[in-house]
Amino acid sequence: MTRVVGRIAASSAPRSADVARAAGVSRKTVSRVLNNEPYVSDELRRRVLDAAVELGYRLNHAARALASGRNRSIGVVALGTAGYGTASLLVGIEKAVRDAGYALRVVNTEDGDPEGISGAVMSLLEQGVDGVVVSEPVVEGEVSLRVDVPVLFLGAPPAFTAARTLSVGVGAHALARAATDHLLDLGHTTVHHVAGPRRWYASKDRIEGWRAALAARGAPEQPVVEGDWSPASGYAAGRELAADSSVTAVFVAGDEMAVGLIHALREAGRRVPEDISVVGFDGNPVFAYVTPPLTTARQPFDAAAREGIRLLVHAIEEPETDLPPAGEPPVELVVRGSTAPPPSYGVG
């Protein structure tokens, strides 16, 4: 789904010197904070960002772009992690931005940093980007920030106000539902779920898709087991589920957790898929070569990136026109050797 939010009314913006004065710091410190440079204490960084938000400070790159009209660059705010999903989406964004004839600028945030998005966006605007992509899966409430360029949110709802706000999903809800339906179609009476961290939008979407599939088929919902995307958390979930002899099917919110879960099940003497079927999520091609090969819901990283950047470039280059219709992300379930009908003793 794509949403467009109306424009911000024009107003005179304060200067960086005003932010420095309000925060009680030097202009150099303001510059360091807004450029996300190291060696700035958390206390100073917080004071500068709070002052910028309170003053409604908007980084103005108009003077730099005056000659050409645009800088032809797009900034990306991404969670600083080497996880397959996050990294794959960033690769897709880079290719789509390059194909559109723009340069890419990236600022990483850290999980658990409540000021990470504000500081990252300000840094990108200071560099003169024409649009911003927020590929940040964790947002702790609404961010008090106003941005004067179009902003694309990938896989999460808008978290702050921008000149034009776009939101493009990656189809996680539909993929989770397809994964759960696959297990129910095989004859399993219900499907357990191992989720990612609850505060991630990606986790919430997958939980909702799993619940929707169960509800549509009248299958009982089991308590969610929460992981943290790591194989270790999948292993811990597997040890917990292996102790329940009624478990015959598990949908896991990430491929790495699914592999950890399978390892724990096999250690406990529960065979996959003969005793318990397992479906992962992401589509990491590495897990086609584990034993058994993992059935997984493949996220359309490239397609989501292309669609999002197409809409963002339109918003940048034709700001007065309506957005073109948004395409729906594809739903692809890769069926391999980790799923099968339930064992005979599991059938009522």
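# Salt bridges in a predicted model

Visitor: Which side chains does Glu43 pair with in a salt bridge?
Guide: The partner of Glu43 is Arg47, and their N-to-O distance is 3.3 Å. Please note that this is a predicted model.

Visitor: Where do Glu43 and Arg47 lie?
Guide: Both residues belong to helix α3, which covers residues 42–55. They are 4 residues apart, about one turn of that helix.

Visitor: Why can side chains pair up at all?
Guide: Side chains of opposite charge can pair when their charged atoms come close.

Visitor: How many salt bridges are there in the whole structure?
Guide: A search of the whole structure finds 12 salt bridges.

Visitor: What about Arg21, which residue does it bridge to?
Guide: Arg21 forms a salt bridge with Asp18, and their closest N and O atoms are 3.0 Å apart. Both sit in helix α1, residues 16–23; because they are 3 residues apart there, about one helical turn separates them.

Visitor: Now Arg271, what is its partner?
Guide: Arg271 forms a salt bridge with Asp275, with the closest N and O atoms 3.1 Å apart. Arg271 counts as partly exposed at 48% relative accessibility, whereas Asp275 counts as buried at 7%.

Visitor: Changing topic: what is the average pLDDT of the protein?
Guide: The protein averages a pLDDT of 85, and 86% of the residues score at least 70.

Visitor: Where does pLDDT stay under 50?
Guide: One such stretch is residues 1–11, for which the model has 34 contacts beyond four places in sequence. Another is residues 60–69, with 12 contacts of that kind.

Visitor: How should I read the coordinates where pLDDT is low?
Guide: Where pLDDT is low, the predicted coordinates should not be read in detail. Residues 1–11 and residues 60–69 are stretches where pLDDT stays under 50.

Notes
Residues numbered from 1 in each chain as written. Predicted model: local features only at pLDDT ≥ 70, side-chain atom pairs only at ≥ 80, totals over all residues. Heavy atoms only, no water. pLDDT = per-residue confidence, 0-100. Contact = heavy atoms within 4.5 Å. Salt bridge = Lys/Arg side-chain N within 4 Å of Asp/Glu carboxyl O. Helix = DSSP H or I, 4+ residues; strand = E, 2+ residues; numbered from the N terminus. Buried < 20%, exposed > 50% of the residue type's maximum accessible area, 1.4 Å probe, protein only.
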